Amino acid sequence: MEKVAIIGSGLIGRAWAMVFARAGHPVKLYDVAPGAAGKALALIKEGLEELHEFGLIGEPAAVVAKRVSAVATLADAVKDADYVQENTAEKLDVKREVYRQMDEAAPAHCILASSTSTIQTSRFSETLKGRHRCVVAHPVNPPHIVPIVEISPAPWTSAEVVAKTRALHEKVGQVAITVKKEVEGFILNRLQAALLLESWRLVKEGFVSVEDLDKCIKDGLGLRWSFMGPFATIELNAPGGIADYCARYTGFYKRLQSDPAGVDVYEDANIARILKEWGEAATPEQLAARTRWRDQQLAALAAHKKTAAPPP
């Protein structure tokens, strides 16, 4: 089993530790904040116990948790690693420094992958001796329950690294896609951005309330999207499939795109409008409770999807 190093022990780092440990991989966890990695071990065990409750891991949580250990330095984490998943701050200067250190300390065969949400691989790897082994493996929060991972290489990332990274993630139960050429935000976040942009526009211009807009997704589009993508969805929305759908509805979409939502939807006045409609800001305790509720709902959905029949 490949030895895995996790750099950064926040929400994403802990989730990645669970992903690799439940698949049998030994995991070393490092965080720049003194003591943070050690404290994360208890949270990882709690997360694994929840996965076990929903039938998403077969082994007892305590057994899986023993595969994760905390180390004191970055060099200790990566010195004998086969694969590294980096989860540091979403800041380019931080990524560049962490990658410089990893490139110096990790063995030559080790793949260096980043969980960054928006920053292209080329921006933090260009000057490195081992830049050919650098790649983005962007997850969705929380990655131990939501399986998608976007593999996005730089132009100089070797094809072997891309193939091995994708194969590793598929082996540990993730659903990998390959971003064929670099683009800021990759695929998922750009899709999300398009939906958010129109959402903010519809509220700004008074067409719908914040509460009702959320219902359109969670009680409408989101139900289909939990097991079908947009192309599979439109294929079934017209008797003749995708071509028929385009013949019927592209006139509307062309008119819509002739007047797209602009960046002004994110102006301070509209942000204030959204916040006022949303209501009183949640306390840290409420956010923690809602995060746990979200993860439980996602775990239940993941458990259902494991037994769902494939499309004919």
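Visitor: What makes the pair Arg292 and Glu50 a salt bridge?

Guide: The closest N and O atoms of Arg292 and Glu50 are 3.2 Å apart. A salt bridge is a side-chain nitrogen of Lys or Arg within 4 Å of a carboxyl oxygen of Asp or Glu, so this pair passes the test. By the way, this is a predicted model, in which local features need pLDDT of at least 70 and side-chain atom pairs count only at pLDDT 80 or more, while totals for chains, interfaces and linings use all residues. Residues are numbered from 1 along each chain as its sequence is written, and side-chain values use heavy atoms, with hydrogens and water left out.

Visitor: How do you know that Arg292 and Glu50 link distant parts of the chain?

Guide: Arg292 sits in helix H13 and Glu50 in helix H2, 242 residues apart. Helices here are DSSP runs (H or I, at least four residues), strands likewise (E, at least two), and both are numbered from the N terminus.

Visitor: Why is Glu50 called buried?

Guide: Glu50 has 10% relative accessibility. Buried means under 20% relative accessible area, exposed means over 50%, and partly exposed is in between (1.4 Å probe, protein chains only), so Glu50 counts as buried.

Visitor: What makes Glu160 and Lys164 about one helical turn apart?

Guide: They are four residues apart in helix H7 (residues 159-171), and therefore about one helical turn separates them. With a relative accessible area of 47%, Lys164 is partly exposed.

Visitor: How many salt bridges does the structure hold?

Guide: There are 19. Among them, Asp295 pairs with Arg294, the closest N and O atoms being 2.9 Å apart. Asp295 is buried at 12%, whereas Arg294 is partly exposed at 27%. Lys3, Lys28 and Asp80 are linked in a network of salt bridges.

Visitor: Where does Asp295 lie in relation to the second largest pocket?

Guide: Asp295 is one of the residues nearest the centre of that pocket, along with Leu11, Arg14, Leu43 and Thr291, and 16 residues line the pocket in total. Five of the lining residues come from H13, the largest share. Helix H1 (11-22), helix H2 (36-53) and H13 each supply at least two.

Visitor: What makes it a pocket?

Guide: On a 1 Å grid over the protein atoms alone, a pocket is an open set of points with protein on both sides within 12 Å along at least five of seven lines, unlike a cavity, where a 1.4 Å probe fits but cannot get out; lining residues have an atom within 4 Å of a point. The space in this pocket is about 420 Å³.

Visitor: Why is Ala281 called exposed?

Guide: Ala281 has a relative accessible area of 62%, which puts it over the 50% cut-off, so it is exposed. You'll find Ala281 in the loop between helix H12 (268-278) and helix H13 (284-307).

Visitor: Why is Phe186 called buried?

Guide: Phe186 is at 0% relative accessibility, so it counts as buried. Phe186 lies in the loop between strand S8 (175-178) and helix H8 (188-204). Its phi is near 60 degrees, a positive value in a residue other than glycine.

Visitor: What makes the bond from Asn141 to Pro142 cis?

Guide: The omega of that peptide bond is near 0 degrees. Pro142 is in the loop between strand S6 (134-139) and strand S7 (148-153).

Terms used
Grid points are joined across faces, edges and corners, and a volume is the space filled by probe spheres set on the points.
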